[in-house]
Amino acid sequence: MNPSEPSRLTLLKEYLGDDPVQIKEMVDLFLATYPDDINTLEKYCTEKDYKNIQKTAHRLKSSVHLFNIEPSHDLILKIENLAKKSASCDEILNLTKRFKSMMDNELKIIKKESEQLS
Amino acid sequence: MNRLKIFIVEDDLFYGELLKRHLSLNPDNEVYLYKTGKECLANMHLKPDLISLDYGLPDISGLEVMAKIKPDYPDLPIIIVSGQEDVKTAVDLLKAGAYDYFIKDKNTKDRLWNAINKIRDQVKLKRELNELKEEVSKKYAFRNIIKGNSPAILQVFKLMDKAIRSNITVSITGETGTGKELVAKAIHYNSSRNKKPFIAINVSAIPGELIESELFGYEKGAFTGANSRKIGKFELASGGTLFLDEIAEMDANMQAKLLRVIQEKEITRIGGNDIIKIDTRLIVATHQNLSMEVSKGNFREDLYYRLLGLPIDLPPLRHRGNDVLLLAKHFTSEFCAQSGVKTKEISEAAQNKLKAYSFPGNVRELRSVIELAVVMSEGDVIEEKHINFSASNITTDFLMEEASLAEYERKIIKYYLEKYDNNVVLTAKKLGIGKSTIYRMIKNNEL
């Protein structure tokens with residue numbers, strides 16, 4: 001992580017009153033639930049299930065936002081909007097893959113920051 | 001204060017859990033998290049104080065959840081927290097009764113926190129108001145405010161009991177000072193309407209040209225000086241009770257308008273077009289004989305029958321036998337307690353003086369007489385000399401009726417009979433007449 005970048009955990013700290021135990025628990029919860037969500041999103045993309053793509057992307061959007069990850073947030077918002085318009089599934093799938101790869105990197109940063117909490 | 005019970009309905013487990021933990025930072029919050037609308041509905045028996053509701057739930061939409069909750073909990077604040085930045089959705093939800101609508105963004109936390117604090121204050125005020133209403137209901141438990149054991153007042157209690165159990169219009173008659181407004185309040189605060197307002201208005205105290213705007217309200221610009229909308233008493237008392245005192249003083253034009261309101265159960269504010277449905281119980285009172293006013297052409301007959309409902313005639317104090325003493329002792333205790341002194345006794349001579357007086361001002365007059373007596377007496381006993389009646393000339397008041405001598409005789413004997421619980425021997429002895437005179441009058445239905 002670039003030292004000039006804002007911490008991924010800033011918003012979580014604000015929500016949880018800087019309590020490291022609660023922050024770690026919430027990070028663990030996200031790390032535990034995220035894989036299911038991204039796998040489900042990919043599955044809906046291949047099934048061309050626009051309604052559920054939209055719902056899943058919508059749900060992921062607010063979590064991603066809470067980790068201060070602007071590029072990933074913009075991408076998942078785009079996926080949600082494209083699903084709303086029933087746009088090309090290939091395009092949505094490509095964007096989802098990009099999102100997944102971006103998030104894989106982000107998850108490492110989040111995990112590292114969480115471990116560094118005293 | 002009691003804790004604030006908050007429901008969070010959020011299908012995103014991570015976001016919901018975060019909100020729950022965030023709101024739980026305030027130990028006065030008791031937070032419950034539900035993932036679906038159905039789960040929330042199934043737990044409504046826990047009686048939340050507010051709900052933070054995600055619009056896009058997996059089973060039913062936020063709008064549907066709200067539609068199911070609102071009929072049973074119309075005052076429950078529901079805050080919609082949604083990722084949808086859609087103005088139409090927001091407007092629809094607010095129209096459907098949502099307390100507020102927040103988009104999930106960086107400010108959600110602070111907005112929600114502030115809204116909850118505002119709701120906490122409102123809930124606290126509401127709880128305090130309900131407690132006060134409970135206290136008022138207890139205060140107006142009619143056995144607490146209307147004292148008496150005489151047959152005349154026991155009959156009034158019976159009728160009040162019937163009035164309390166129904167929604168019927170009540171017409172209270174009685175001389176001045178007999179407690180007509182107290183009876184009206186006791187009926188309201190003991191009825192199922194006691195959580196809604198009791199509004200009293202004295203028709204004779206309001207100029208004829210203002211009574212319509214007082215009762216029905218007006219819209220801004222309805223007439224010169226109508227700078228803002230005013231809600232009328234009928235509307236204010238909706239769900240509760242409107243007490244119209246001195247109804248006989250209402251002018252003919254207003255009587256016609258009142259009749260229409262009673263028939264249609266709706267009003268229109270002056271200068272307005274909207275028809276407003278009302279559910280207001282009416283209790284009316286007068287010290288005049290309303291049927292006599294109908295005969296004289298001063299009061300509409302159709303309105304009279306509409307208002308008559310359950311008639312309660314409050315007996316004058318002079319017809320309530322030993323209630324005079326019971327009330328005198330009650331007022332003595334009340335005034336002594338207010339002054340912080342030990343409750344005074346009332347001497348036998350003072351009691352006799354009270355019993356012998358006709359109390360044209362009824363209970364109100366007795367109350368004043370006792371208040372003064374408590375002040376004037378320095379020891380533990382109220383003596384005869386402390387009992388002072390008003391300056392009005394009792395004899396002149398009595399003679400104002402301009403009746404025949406026989407009629408006066410009949411009234412005097414009737415008065416003493418009631419005073420001595422129909423004891424003919426005692427009455428004859430007190431008046432210095434023969435028992436046979438009284439028996440003859442009873443036989444001839446003169447008494």
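**Figure 1. A:Asn68 in the loop between helix 3 and helix 4 of chain A.** In this predicted model, A:Asn68 sits in the loop that leads from helix 3 to helix 4 (70-84) of chain A. Its backbone deserves a look: phi of A:Asn68 is near 60 degrees, a positive value in a residue other than glycine. Most residues other than glycine have a negative phi.

**Figure 2. B:Lys47, a residue of chain B with positive phi.** Here we move to the loop between helix 2 (37-42) and strand 3 of chain B, where B:Lys47 is found. Phi of B:Lys47 is near 55 degrees, again a positive value in a residue that is not glycine. B:Lys47 is exposed, since 9 other C-beta atoms are within 10 Å and the limit for an exposed residue is 12 or fewer.

Figure 3. Follow the chain on from the loop of B:Lys47 and you come to strand 3 of chain B, which spans residues 50-54. Five of its five residues are buried, so strand 3 is largely enclosed by the rest of the structure. In a regular strand the side chains alternate between the two faces of the sheet. Which residues of strand 3 of chain B point which way? B:Leu50, B:Ser52 and B:Asp54 point one way, while B:Ile51 and B:Leu53 point the other way, and all are buried.

Now for the neighbours in the sheet. Strand 1 (residues 4-9) of chain B runs parallel to strand 3 of chain B, and four bridges join them. Look for B:Val9, which stands opposite B:Leu53 in strand 3. Strand 4 (residues 78-82) of chain B also pairs with strand 3 in the parallel sense, over four bridges. In that pairing B:Ile51 has B:Ile78 of strand 4 as its bridge partner.

**Figure 4. Helix 7 of chain B and its two sides.** Helix 7 of chain B covers residues 151-164. The buried residues of helix 7 of chain B are B:Ile153, B:Val156, B:Met160 and B:Ala163. They cover an arc of only 65 degrees around the axis, which puts them on the same side of helix 7 of chain B. Turn to the other side of this helix and you will find B:Leu154, B:Lys158 and B:Asp161 exposed.

**Figure 5. A:Leu9, a buried residue before helix 1 of chain A.** A:Leu9 belongs to the segment that comes before helix 1 of chain A. A:Leu9 counts as buried because it has 24 C-beta neighbours inside 10 Å. What does A:Leu9 touch, leaving aside residues up to four places away in sequence? Its contacts are A:Ile23, A:Glu113 and A:Ser114.

**Figure 6. The contact between chain A and chain B.** Chain A brings 16 residues to the contact and chain B brings 14 residues. On the chain A side, helix 1 (10-16), helix 2 (20-46) and helix 3 (50-66) each supply at least two residues. Helix 3 of chain A gives the most, with seven residues. By class, the side of chain A that touches chain B holds six nonpolar, six polar and four charged residues. For the model, the predictor's scores are ipTM 0.88 and pTM 0.55.

**Figure 7. The two chains in which these views sit.** Chain A has five helices and zero strands, in the order α-α-α-α-α along the sequence. Of its 118 residues, 35% are buried. Chain B has 20 helices and 16 strands, and 32% of its 447 residues count as buried. Among contacts in chain B between residues at least 6 apart in sequence, 69% join residues at least 24 apart; in chain A, residues 24 or more positions apart account for 57% of the contacts with a separation of 6 or more. Chain B has a mean pLDDT of 89, with 96% of its residues at 70 or more.

Definitions and conventions:
Residues are numbered from 1 along each chain as its sequence is written. Chains are lettered from A and ligands numbered from 1 in the order in which they are written. This is a predicted model: local features need pLDDT of at least 70, side-chain atom pairs count only at pLDDT 80 or more; totals for chains, interfaces and linings use all residues. The expected span of a helix is 1.5 Å times one less than its number of residues. A residue is buried if 20 or more other C-beta atoms lie within 10 Å of its own, exposed if 12 or fewer, and partly exposed in between; C-beta atoms are placed from the backbone. The arc is that of the directions from the helix axis to the C-beta atoms. Two residues are in contact if their C-beta atoms, placed from the backbone, lie within 7 Å. Ala, Val, Leu, Ile, Met, Phe, Trp, Tyr, Cys and Pro count as nonpolar, Asp, Glu, Lys and Arg as charged, and the others, Gly among them, as polar. pLDDT is the predictor's confidence in each residue, from 0 to 100. Two strands pair if DSSP finds at least two bridges between them.
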